[in-house]
Amino acid sequence: MTRWLLGEFRGPERMLHAARGLRARGFTRMDALTPIPVEEVDEVLELPASRLPLLALVTGVGGAAGAYLVQWFTQAVDWPLDVGGRPFHSGPVFIPIAFESAVLAAAGALFLGVLVACGLPRVTHPFLGVEAFRSASVDGFWVAVVVEDDAREAEAREVLHELGAEHVSRVEEGT
Amino acid sequence: MSEPAPRAPVLEDPLVEHPLLEGRSSDAALGESLLRPVLRPAGWGWWALVGVCSALTLLLCVAIAVTLLEGVGTWGNNIPVAWAFGIINFVWWIGIGHAGTLISAILLLFGEKWRSSVNRMAEAMTLFAVACAGLFPLLHLGRPWKFYYLVPYPSTLRLWPQFRSPLTWDIVAVSTYLTVSVLFWYVGMLPDLATARDTARQTWKRRAWGLLALGWRGSARHWLRWRTGYLLLAGLATPLVVSVHTIVSFDFAVAQLPGWHTTVFPPYFVAGAIFSGLGMVLTLLLPARRVLQLHHVVTDAHLDALARMLLVSGLFVAYGYAQEHFFGWYSGNAEEMHAMSILRTGAYAPGFWLVVACNVLVPQVFWSARMRTSPGVLWAAALLVNVGMWTERFLIIVASLSEDFLPSSWRHYAPTWVDLSLLSGTVGFFGLGFLLFLKLLPPVPISEVKQLQREVEESEAFAREVAAQAGAPGGGR
């Protein structure tokens with residue numbers, strides 16, 4: 001079971017200040033939930049850079065290679081067909097499809113990659129059950145912090161209030 | 001707009017003539033103003049337009065049914081004009097799609113701030129335009145139910161597609177383009193679907209948008225990966241736009257037919273695609289801005305930028321025409337010279353001069369700053385560009401085919417009612433798709449506009465600070 005405390009702040013600066021404050025008090029398992037991307041929070045939460053570019057590169061090259069291979073096999077190996085004396089392995093004319101397949105493979109992988117990396121699709125989430133949390137996609141900047149026990153919860157609650165949280169809610173996930 | 005914050009004295013940037021956002025409002029009010037079109041019930045105007053577009057879509061269904069039951073013989077094309085409306089409409093529609101991706105992907109890569117307010121609508125336009133485009137080659141196959149012959153699958157007949165043919169390139173290019181456009185559009189919309197979910201008051205709307213939002217919570221981890229993924233998708237979509245219309249131009253350029261066999265076609269087609277797409281963006285954006293009251297986010301700055309792009313791409317297109325005719329003459333080849341002369345003075349001259357008027361002369365009015373921000377002038381010009389670009393594709397295909405090498409086989413072309421129904425039907429289908437989009441999904445990227453507002457405020461605050469320091473005693477230069 002995971003126990004969270006959610007605190008709402010007005011504006012990204014206060015939210016960042018609160019996240020830094022919580023970190024200074026030894027709370028490390030945190031998340032920020034915001035209606036717009038706040039780049040500075042990545043540093044506060046020490047989020048590693050995404051590996052999606054590597055995924056796109058690998059799948060893109062794989063898609064191109066696969067498409068080229070299919071064209072070469074069908075046109076030059078399995079059923080060579082003489083079209084106006086053109087070479088069976090006609091490299092340049094295989095490039096358009098290889099390029100398009102690279103884009104298709106990379107884009108498909110990126111789409112799935114973004115979803116998997118974000119833990120989506122997930123239609124229900126304990127946070128979404130909190131009525132006030134609806135502001136997180138409108139104008140509220142939230143900090144979520146994992147609290148292990150009652151003592152830590154009380155401490156985190158105090159810190160959140162101290163740093164200017166407008167709302168503090170408690171959420172439990174799992175059984 | 002409700003509760004506009006008191007305006008600070010803003011310092012004028014001499015390079016920016018118009019602000020990107022009119023007035024300032026709180027994030028909540030801004031979000032609500034952008035969601036208003038989908039939250040409030042539809043007006044009679046929307047229903048009337050849906051009625052017209054549905055009737056045209058029905059006409060499209062009839063024309064498709066006739067084509068399937070009777071065959072492509074019901075179309076006007078025949079030897080020598082074996083390609084006509086099927087390919088004209090395909091090239092026209094897919095060209096229209098390109099401006100959507102251009103605005104959303106290329107401008108994102110270049111960090112252009114003004115794209116934020118218009119990209120969602122432009123991308124939606126792309127999707128429906130590409131869907132209309134894809135219909136034509138499929139129907140043109142004659143036996144559309146055997147389209148899978150174009151896919152390399154291991155059949156017992158050992159029948160492989162001919163990958164040296166540009167038509168198989170087309171299939172891959174168009175299906176890739178449609179898929180990538182859908183993914184790019186949807187990924188970009190995730191945060192706004194969550195906003196719609198959290199703002200909606202009716203339970204069923206909340207559930208519907210909640211399902212589409214896939215559980216987006218705006219977590220820092222979500223945003224980090226989303227931004228990376230979105231930027232990479234833009235990076236992939238950018239060369240895709242250029243490649244797709246280049247491949248479409250190969251359908252013509254690799255043939256030896258006079259009027260088609262020219263190296264200028266790939267860049268000329270890409271420029272024409274962007275030009276016609278911008279025309280369609282303006283055609284849709286201007287009425288939508290007025291009806292949905294989006295003047296505060298789609299400002300004169302956006303109209304100005306779109307008009308400038310229309311002018312620039314129009315000049316590219318004009319250069320393409322000049323090149324085409326110059327090389328027709330410079331080749332010294334009798335057939336090439338004939339293919340160009342029938343455009344200037346022959347049977348197709350009225351069409352050609354219409355194209356020159358619509359695509360070359362009309363955009364020139366946008367050298368004037370006042371014209372660039374006049375919605376009426378822009379809309380009229382956009383409509384003329386749409387007409388001009390369709391006619392251009394008509395001439396490329398029909399004029400070149402009807403009078404080629406052998407004068408004894410020359411024959412001119414006339415469309416049948418099925419051809420005309422297919423064209424007008426796809427226009428209705430496209431309009432229906434766009435109307436439904438405006439009603440069901442957030443038409444302007446909410447999170448991006450909020451972010452834009454924050455950035456504008458920050459830069460204004462910075463400018464004020466600099467000015468205060470410069471003006472303070474002892475702090476000046």
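# Salt bridges and the A–B contact

Modeller: B:Arg393 and B:Glu392 form a salt bridge, with the closest N and O atoms 3.9 Å apart. This is a predicted model, where local features need pLDDT of at least 70, side-chain atom pairs count only at pLDDT 80 or more, and totals for chains, interfaces and linings use all residues. Residues are numbered from 1 along each chain as its sequence is written, chains are lettered from A and ligands numbered from 1 in the order in which they are written, and side-chain values use heavy atoms, leaving out hydrogens and water.

Biologist: What makes B:Arg393 and B:Glu392 a salt bridge?

Modeller: The rule asks for a side-chain nitrogen of Lys or Arg within 4 Å of a carboxyl oxygen of Asp or Glu. B:Arg393 and B:Glu392 come to 3.9 Å, N to O, so the pair counts. Both residues are buried (under 20% relative accessible area; exposed is over 50%, partly exposed in between; 1.4 Å probe, protein chains only).

Biologist: How many residues separate B:Arg308 and B:Asp304 in helix H9 of chain B?

Modeller: They sit 4 residues apart, about one helical turn. An α-helix has 3.6 residues a turn, so residues three or four places apart point the same way. Helices here are DSSP runs (H or I, at least four residues), as are strands (E, at least two), numbered from the N terminus.

Biologist: Which parts of the chain does the pair of A:Arg10 and A:Asp139 link?

Modeller: The two form a salt bridge at 3.4 Å. A:Arg10 lies in the loop between strand S1 and helix H1 of chain A, A:Asp139 in the loop between helix H4 and strand S3, 129 residues apart.

Biologist: How do you know what span is expected of H4(A)?

Modeller: The expected span is 1.5 Å times one less than the number of residues. H4(A) has 28 residues and reaches 40 Å from first C-alpha to last, close to the 40 Å expected.

Biologist: What makes a residue part of the contact between chains A and B?

Modeller: Heavy atoms within 4.5 Å. Chain A gives 63 residues and chain B 57. Across the interface there are 3 salt bridges. B:Arg221 forms a salt bridge with A:Asp31, at 3.3 Å. H4(A) gives the most to the side of chain A that touches chain B, with 18 residues.
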